[in-house]
Structures are given as structure tokens and as C-alpha cells.
Amino acid sequence: MIKRSLVLLFLVFSISASAQELIPIKDFLLGRFDYKKSADFERVDSEYAVKPLYLNAVAYKAFIEMFTAAKSDSVSLKIISGSRNFHEQKNIWDRKWHKLDSLCPSEKILSILEFSAMPGTSRHHWGTEVDLNSLQNSYFEEGRGKAEYDWLVKNASKFGFYQVYTSQTTGRTGYREEKWHWSYLPLAAKYLEEYNSKVDYEEKAGFEGSEFALEHNIIPGYVNGIPQELQYRAFITGETKRLVQIESSEGE
Ligand SMILES: [Zn+2]
């Protein structure tokens, strides 16, 4: 366990560095690259997913470990969605936009943003995110879905995965709760930190309603609309504390 945590902390730095070498970091953060051609991404085996998809190779390895542990507890985890580039996110966005023809632009944006990100602002661009088993919160509230969700809440963090779009009752802003969306934070926490230092609103272009990104507070409200303890500095501090606890308990 110590070893894995140390490896995760190390990878936060090494993988983002290698991503920078291969793809300009800003293009990577905005999903403006072909993940199928990136050395940092891997195609997910059909055993783990409902359709052909890709993930960051490190997040994928961690997912396989989580999948295997869940399976031994009779819990099945299938990936519904993994990496999505800017173009794929734009298709989702523009399709939803045109379905809401009767609304004004601001109403359209707020409606789409309940569950879908603007192109260039999705964590799915990074290959660190997985949507699991169902895209309905209600699925996870009873029966098999509840057993799967309860397992994830208890165990996913051991493998580096966290629910970032939690209940909004704690004051979290942005997207509605998504019980299916799990983020591989040892990498994604760092990518969000990079996003905040490198990306601005001039990159929000090339899709329906992009000119309204600034007035809808997309970066502070949505991109950063995750729990405080999962923001980079808090997360790394938490990981370090966890390591110290593990080390001292193993030393006893
Ligand atoms: Zn998702």
C-alpha cells in the first residue's frame, strides 16, 4: 500500500511532464489532440467497457486493479465513457443545444451544464475520468446499483478514484451530482491545477454559445466545481497524511 501511494505521488509529476513533451500542454488540457495516437493513452479491453474507448494508461492500470478487487466482492464495474476529445464533446454540446431551440442562449447553456461540459472544459479530455455502469443517479439508489455505488464510496479511493461531482448540499457549485463519474485524482488533481494556471476564456471557441462562457463563470463555477478536499493542494496534503499514517501504523 505504501509503495502504491508513493508511486501515485510520483506519477502526478512524471506523467504530466511526459504529456507535455508529446502534446502542447494547453492542447492536452483542452482536449485538442488525438488520444488514439498519444503514447500516454491506451485502448480499453472489452472486458472493462461497454464500447470501444481509451483511457490514460496510468489511470487504466489503476482501473483494472479496482475492477479486479470489485469483481472479487461480486461487484461489476463497466466503463460507459472514458476519454473524449474536444471534437467529441462539441458533438454532444451542439446536439443538446439544437434540441433546446425554444430557449434563449443563457437558458440553453444552464440546461446543458446540468450534466454536460462545454467543449474544452471537460475532465474527460484528460483520460483520467470514467463513467461507470449507468448515467442515472436513480440507478445507484437501490438494488444492484446501490451495492455498486456503496462499494465505490468505500473502496474507490484505495485505487485513486474519487467522485468529483458529489451532492450539492455541501455548497459545491457546477454540475449536478453524478454518481457514475469517477476521477483518477493522482493525475487529474494536477491537471486541474495546470488548467487553472494555463487556460483562459479565449480558448473557449468553436462551438454553439461559446461567447457566453465567461458570463456563466465556467472555469470557477464548473471546471473548479469539485469538493475542496479534492482540489490539488488539499488532495496532495491528504495523500501525504495518509502515507504518514500508513507508515507509522506499519512501524508498530
Ligand atoms: Zn463523466
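**Helix H6 and the overall fold**

I'll start on the outside of helix H6. On the face turned away from its buried side, this helix carries the exposed residues Gly143, Asp150 and Lys154. Bear in mind that what you see above is a predicted model.

Now the other side of H6. Which residues of H6 are buried? They are Glu148, Tyr149 and Leu152. Looking down the helix axis, the buried residues of H6 sit within an arc of 95 degrees, so they line one face of the helix. What do they pack against? The partner is strand E6, residues 181-184.

H6 covers residues 143-155, which is 13 residues. At 1.5 Å a residue the helix should span 18 Å, and its end C-alpha atoms are 18 Å apart, so the two values agree.

Next, the whole protein. There are 9 helices and 6 strands. The radius of gyration is 18 Å, close to the 18 Å that the globule rule gives for 252 residues, so the protein is as compact as a globular protein of that length. Taken along the principal axes, the C-alpha atoms fill a box of roughly 65 × 45 × 35 Å.

Two more numbers for the protein. Of its 252 residues, 36% are buried. For contacts between residues at least 6 apart in sequence, 72% join residues at least 24 apart.

To return to H6: its buried residues pack against E6, and Gly143, Asp150 and Lys154 are exposed on the face turned away from the buried side.

Methods
Residues numbered from 1 in each chain as written. Predicted model: local features only at pLDDT ≥ 70, side-chain atom pairs only at ≥ 80, totals over all residues. Helix = DSSP H or I, 4+ residues; strand = E, 2+ residues; numbered from the N terminus. Expected span 1.5 Å × (residues − 1). Buried ≥ 20, exposed ≤ 12 C-beta atoms within 10 Å, placed from the backbone. Arc of directions from axis to C-beta. Contact = placed C-beta atoms within 7 Å. Rg over C-alpha atoms; globule rule 2.2 N^0.38 Å.
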